[in-house]
Amino acid sequence: MTLPNEREPLEELMRQVVQQLGRMADGYDRLATELHRANLIQLQGYFLQRLDRAIDDPGLTMGLADLSDEKRRQMLHANAQYSLILLAHRIGSTDRSELLGYLRSLRSSEVFAEYWERSAQARSALVPESFEARVGRAVDAIMEERPEDIEEWWVVGPEAGEP
């Protein structure tokens with residue numbers, strides 16, 4: 001007569017518990033990611049509300065007092081447009097290629113070029129490894145591209161079938 005192995009059912013139960021805990025942890029990670037995205041979106045909303053107020057009240061703009069009302073509005077609009085492009089990428093709405101494409105499209109705007117030049121000092125204070133600093137360096141490189149290269153910005157590498 002053999003005694004049943006009491007460890008096998010217990011080990012199977014433990015395996016199931018560990019698997020369930022793993023699934024729960026994955027769910028918590030997804031939830032944390034979504035909460036982070038929601039917080040970024042809400043923060044961007046607050047930022048845009050502040051920009052709207054600054055567009056309406058010249059006294060609220062820092063570093064733009066030397067500009068006409070129209071130019072100040074244009075600079076604030078350029079800032080908002082750039083910020084929304086970054087947000088779209090951060091929340092996963094656009095991939096890296098799309099991000100760079102949108103940023104390249106801004107290059108043709110004289111207003112954005114002036115905004116970019118005027119905001120250089122603020123960007124220099126960013127932590128070099130931060131997302132904003134890395135994107136800023138990419139935009140700096142884009143702004144230095146020759147105009148004839150801009151027309152072919154979508155060409156990323158060799159044609160299909162080429163080495």
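This is a predicted model: local features need pLDDT of at least 70, side-chain atom pairs count only at pLDDT 80 or more; totals for chains, interfaces and linings use all residues.
A pair of aromatic rings is described by the distance of the centres and the angle of the planes. Six aromatic pairs occur in the structure. In one of them, the ring centres of Tyr82 and Phe112 are 6.0 Å apart and the planes meet at 45°, so this pair is tilted.

Tyr115 counts as buried, at 10% relative accessibility. Together with Trp116, the residues Tyr82, Phe112 and Tyr115 make up one aromatic cluster. Trp116 has a charged neighbour as well, for Arg123 lies over the face of its ring, 3.5 Å from the ring centre.

Leu10, Leu13, Met14, Val17, Leu21, Met24, Tyr28, Leu31 and Leu35 make a nonpolar surface patch of about 880 Å². One of these residues, Leu13, is found in helix 1 (residues 7–56). Leu13 is partly exposed, and its relative accessible area is 47%.

Side chains of opposite charge can pair when their charged atoms come close. The structure holds eight salt bridges, including one between Arg118 and Asp66, with a distance of 2.8 Å from N to O. This bridge links distant parts of the chain, as Arg118 is in helix 4 and Asp66 is in the loop between helix 1 and helix 2, 52 residues apart. Arg118 is partly exposed at 33% relative accessible area, while Asp66 counts as exposed at 58%.

Another salt bridge joins Glu132 to Arg90, again at 2.8 Å from N to O. Glu132 lies in helix 6 (residues 131–144) and Arg90 in helix 2, 42 residues apart. Glu132 is partly exposed, with a relative accessible area of 29%, and Arg90 is partly exposed at 36%. Arg104 forms a salt bridge with Glu145, their closest N and O atoms being 3.3 Å apart. Arg104 is in helix 3 (residues 96–107) and Glu145 in the loop between helix 6 and helix 7 (147–150), so the pair ties together parts 41 residues apart in sequence.

How values were computed:
Residues are numbered from 1 along each chain as its sequence is written. Side-chain values use heavy atoms; hydrogens and water are left out. Rings of Phe, Tyr and Trp (its six-membered ring) pair if their centres lie within 6.5 Å; planes under 30 degrees apart count as stacked, over 60 as edge-to-face and the rest as tilted. Buried means under 20% relative accessible area, exposed over 50%, partly exposed in between (1.4 Å probe, protein chains only). A charge sits over a ring if NZ of Lys or CZ of Arg is within 6 Å of the ring centre and within 35 degrees of the ring normal. Patches are made of residues with over 30% relative accessible area and no salt bridge: like charges are joined within 9 Å, nonpolar side chains (Val, Leu, Ile, Met, Phe, Trp, Tyr) within 5 Å. Accessible areas come from the Shrake-Rupley method with a 1.4 Å probe; for residues, only the protein chains shown count as cover. A salt bridge is a side-chain nitrogen of Lys or Arg within 4 Å of a carboxyl oxygen of Asp or Glu. Helices (H or I, at least four residues) and strands (E, at least two) are DSSP runs, numbered from the N terminus.
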